Amino acid sequence: GVGVDYHYVDGTFDRQSKTNRTEAERVVDLVFENIEKYPERSLGVVAFSISQQTLIEKLIATSRQSDPSKEPFFKSDRPEPFFVKNLETVQGDERDTIIFSIAYAKDAQGRLLLNFGPINREGGERRLNVAVTRAKYNVQLVTSMHYSDIDLSRTQSVGARLLREYLDYAENGAIALERAISVNAFEHFDSEFEMEVC
């Protein structure tokens, strides 16, 4: 319930619909689990793409119809109402808990194309940064990828590299931070304090 939680699902990315249904279903399950477990917390869902956002919205609508007892949680007049948004539209929104759906994964043929939509573009890493900083307490990352699936020798994208590092952190915790930091061993520090900060 605090920090970054990693939820791996064995989903595939459908290139035609540009969605990952297994992942979307897990996101919907998490939405209702969060409502049950943390009814006082505000909640939002961020999907990497509009296609995945639309699929998640449809699945949530279906679940709401089958369980109307949770309807008060979805009221739009709450101080921080529930939302489902994509990387492009999530800008200023903050919620106590954010469920983050990557969607991109290996396709039915087992190939992972390193095309992660908006984060591949120049400056796309800022969109990733916005998405992963929307939560006040907890990010629940739902993905069908392990960090090691992203082969950095095949891409020059800063966004892809940072996504790989974020996946590593979500899956493996603090040890991933040590892997991501590169400090010159011969760098000179004027004090112990400077070294610790670095």
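In helix 3 (residues 124-132), the buried residues are Gly-124, Leu-128, Val-130, Ala-131 and Val-132. Buried here means under 20% relative accessible area, exposed means over 50%, and partly exposed lies in between, with a 1.4 Å probe and protein chains only. Helices (H or I, at least four residues) and strands (E, at least two) are DSSP runs, numbered from the N terminus. This is a predicted model, in which local features need pLDDT of at least 70 and side-chain atom pairs count only at pLDDT 80 or more, whereas totals for chains, interfaces and linings use all residues. Residues are numbered from 1 along each chain as its sequence is written, and side-chain values use heavy atoms, with hydrogens and water left out.

The buried residues of helix 3 pack against strand 2, strand 4, strand 5 and helix 4 (158-172). Contact, in this account, means heavy atoms within 4.5 Å.

The expected span of a helix is 1.5 Å times one less than its number of residues. Gly-159, Ala-160, Leu-163, Tyr-166, Leu-167, Asp-168 and Ala-170 are buried in helix 4. Their cover includes strand 1, helix 3, strand 5 and helix 5 (174-180). At the start of helix 4, the backbone nitrogen of Gly-159 has a side-chain oxygen of Ser-157 within 3.2 Å. Just after helix 4, Gly-173 adopts a positive phi of about 75 degrees.

With 17 residues, helix 1 reaches 24 Å from its first C-alpha to its last, close to the 24 Å expected at 1.5 Å a residue. Its buried residues are Glu-23, Ala-24, Val-27, Val-28, Leu-30, Val-31, Phe-32, Asn-34 and Ile-35. An α-helix has 3.6 residues a turn, so residues three or four places apart point the same way. The elements that cover the buried residues of helix 1 include strand 1 (3-8), strand 2 (43-47), helix 2 (50-66), strand 4 (95-101) and strand 5.

Strand 5 (residues 135-143) holds Gln-140. Why does Gln-140 count as buried? The reason is its relative accessibility of 5%. Leaving out residues up to four places away in sequence, Gln-140 touches Asp-5, His-7, Leu-30, Asn-34, Thr-97, Ile-98, Ile-99 and Phe-100. The side chain of Gln-140 also makes a polar contact of 2.8 Å with the side chain of Asn-138. A polar contact is a pair of N or O atoms within 3.5 Å; within protein, one must be able to donate a hydrogen and the other to accept it, and residues adjacent in sequence count only if both atoms are side-chain atoms.

Helix 2 contains Arg-64, which is partly exposed, with a relative accessible area of 27%. Apart from residues up to four places away in sequence, Arg-64 touches Phe-32, Glu-71 and Phe-74. Arg-64 and Phe-32 are 32 residues apart in sequence, and their C-alpha atoms are 9.4 Å apart in space. The side chains of Arg-64 and Glu-71 are joined by a polar contact of 2.7 Å.

The loop between helix 2 and strand 3 (83-86) includes Pro-81, a partly exposed residue with a relative accessible area of 22%. Beyond its neighbours within four places in sequence, Pro-81 is in contact with Leu-43, Lys-75, Ser-76 and Arg-95. The C-alpha atoms of Pro-81 and Ser-42 are separated by 6.9 Å, although these residues are 39 residues apart along the chain.

Most residues other than glycine have a negative phi. Lys-18, in the loop between strand 1 and helix 1, has a positive phi near 55 degrees. Ala-103, in the loop between strand 4 and helix 3, has a positive phi near 75 degrees. Lys-18 is partly exposed at 48% relative accessible area, whereas Ala-103 is buried at 0%.

Lys-18 also takes part in the largest pocket: of the 16 lining residues, those closest to its centre are Phe-13, Lys-18, Tyr-104, Asn-115 and Gly-117. The lining divides into eight nonpolar, four polar and four charged residues. Here Ala, Val, Leu, Ile, Met, Phe, Trp, Tyr, Cys and Pro count as nonpolar, Asp, Glu, Lys and Arg as charged, and the others, Gly among them, as polar.

How values were computed: On a 1 Å grid over the protein atoms alone, a cavity is a set of points where a 1.4 Å probe fits but cannot get out, and a pocket is an open set with protein on both sides within 12 Å along at least five of seven lines; lining residues have an atom within 4 Å of a point.
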